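The sequence and structure come first.

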Amino acid sequence: MQTLTDNWGLIGHEWAVDLLASRLATGRTGHAYLITGVPGTGRFTLALRFTQAMNCQSADWPFGVPCGHCRACTLIARGVHPDVQVIRADGRSIKIEAIRDLQRDLTVSPIEGRYRVAIIEEMQTATDQAADALLKTLEEPPASTRLILTADAAENVRPTIVSRCQVVPLRPVRPQAIAAALMQRYDLPADEANTLARLAAGRPGWAITAVDDENQLARRREMIDMLLDVLRAGRTERFNLSERIARDDSLPLLLETWQSWWRDLLLTVEGSSVAPVNADRWEELRALTYDVTSEEVRRALLAIRRTMDALSKNANARLALDVMFLDMPYL
Ligand SMILES: [Zn+2]
């Protein structure tokens with residue numbers, strides 16, 4: 001589990017963490033905060049950590065540092081703490097109904113936390129009525145209540161609301177800090193981490209999503225390697241693979257990936273000018289045009305489609321896969 005003692009587990013924004021932690025330590029938290037910045041900067045993560053810090057039950061840490069693993073910290077991270085609410089746009093905007101529901105809930109004192117906390121995301125999307133209603137709560141906040149708003153920019157939120165909040169403007173995070181975090185948390189090699197950090201343009205959230213996508217790419221490559229291996233193998237190996245993957249949760253994804261590869265091969269064999277989905281395998285696809293005919297590729301595609309159909313009807317996966325592999329050419 002990630003430890004939150006170091007900068008609350010955030011990438012960058014040390015000054016903001018210091019500010020909020022010192023407010024907590026001295027018991028001088030305001031009733032309302034407005035965290036601004038472009039999406040992916042870390043606004044919601046900061047709001048969540050602040051909420052955890054306010055309600056953390058661990059006695060092992062100094063007050064103001066969320067432990068990340070007590071009941072309160074875990075429930076907050078999972079979005080199911082009874083005293084914490086997150087309000088997001090319903091469709092394109094935050095509507096008055098959502099604010100009214102919130103106000104009703106805020107009149108009840110905290111059930112198990114120190115504070116009742118409402119995180120309202122993207123406040124700039126609130127309708128006029130919703131903003132009016134929220135202003136009343138900001139003017140007379142119930143005791144033990146904390147409101148944390150996020151927005152793209154303070155200018156896009158009504159001035160009467162901004163003036164009642166402590167504004168925490170998050171600026172783009174330095175690429176060095178993003179790269180260091182990517183290396184430490186995801187074991188990325190330095191050159192990859194630096195490239196992603198540059199592309200992230202100050203948004204750690206963007207970089208983290210990109211790393212996850214990167215993993216998906218790597219998995220996709222492995223799946224295609226698996227297919228190429230089996231095409232070069234005999235019956236026994238093919239049946240062994242059926243047995244291995246029949247119960248695998250990723251079987252649907254595996255079949256989809258293989259289908260996209262066979263489609264690419266069909267386009268290549270037939271000399272189409274359409275760019276292949278698996279562009280990184282272009283050389284291999286071209287080399288295979290000497291080994292397979294377009295009929296063989298079509299038969300393999302049909303076999304995959306039949307297998308997908310059979311699986312959707314809860315057929316025996318292993319049998320369906322056995323039949324499928326027999327319909328694929330031997331390289
Ligand atoms: Zn905790």
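In this predicted model, Val 162 lies in helix H6, which covers residues 159–162. Leaving aside residues up to four places away in sequence, Val 162 touches Leu 34, Ala 154, Val 157 and Val 167. Between Val 162 and Thr 45 there are 117 residues in sequence and 20 Å in space, C-alpha to C-alpha.

Next comes the sheet. Five strands form an open sheet in the order E2-E3-E4-E1-E5, with parallel pairing. Strands E2 and E5 stand at the edges with a single partner strand each, so one side of each has no neighbour in the sheet. On average, neighbouring strands are turned by 15 degrees against each other, direction ignored. E2 pairs with E3 in the parallel sense over four bridges, and Val 86 has Ile 119 in E3 as its bridge partner. Helix H2 packs on the sheet, touching E1, E2, E3 and E4, and its direction makes about 170 degrees with that of E4.

| Strand | Residues |
|---|---|
| E1 | 32–36 |
| E2 | 84–87 |
| E3 | 116–120 |
| E4 | 145–151 |
| E5 | 166–169 |

The largest nonpolar core has 59 residues, and Ile 148, Leu 149, Ile 178 and Leu 182 have the most contacts inside it. Helix H2 (residues 43–55) gives the most to this core, with six residues. Apart from this core lies another, of 17 residues, including Trp 258 and Trp 261.

Note on methods: Residues are numbered from 1 along each chain as its sequence is written. This is a predicted model: local features need pLDDT of at least 70, side-chain atom pairs count only at pLDDT 80 or more; totals for chains, interfaces and linings use all residues. A nonpolar core is a set of buried Ala, Val, Leu, Ile, Met, Phe, Trp, Tyr and Cys residues joined through C-beta atoms within 7 Å. A residue is buried if 20 or more other C-beta atoms lie within 10 Å of its own, exposed if 12 or fewer, and partly exposed in between; C-beta atoms are placed from the backbone. Helices (H or I, at least four residues) and strands (E, at least two) are DSSP runs, numbered from the N terminus. Two residues are in contact if their C-beta atoms, placed from the backbone, lie within 7 Å. Two strands pair if DSSP finds at least two bridges between them. Axes are lines fitted to C-alpha atoms, for helices over the stretch in contact, and angles run from 0 to 180 degrees between N-to-C directions.
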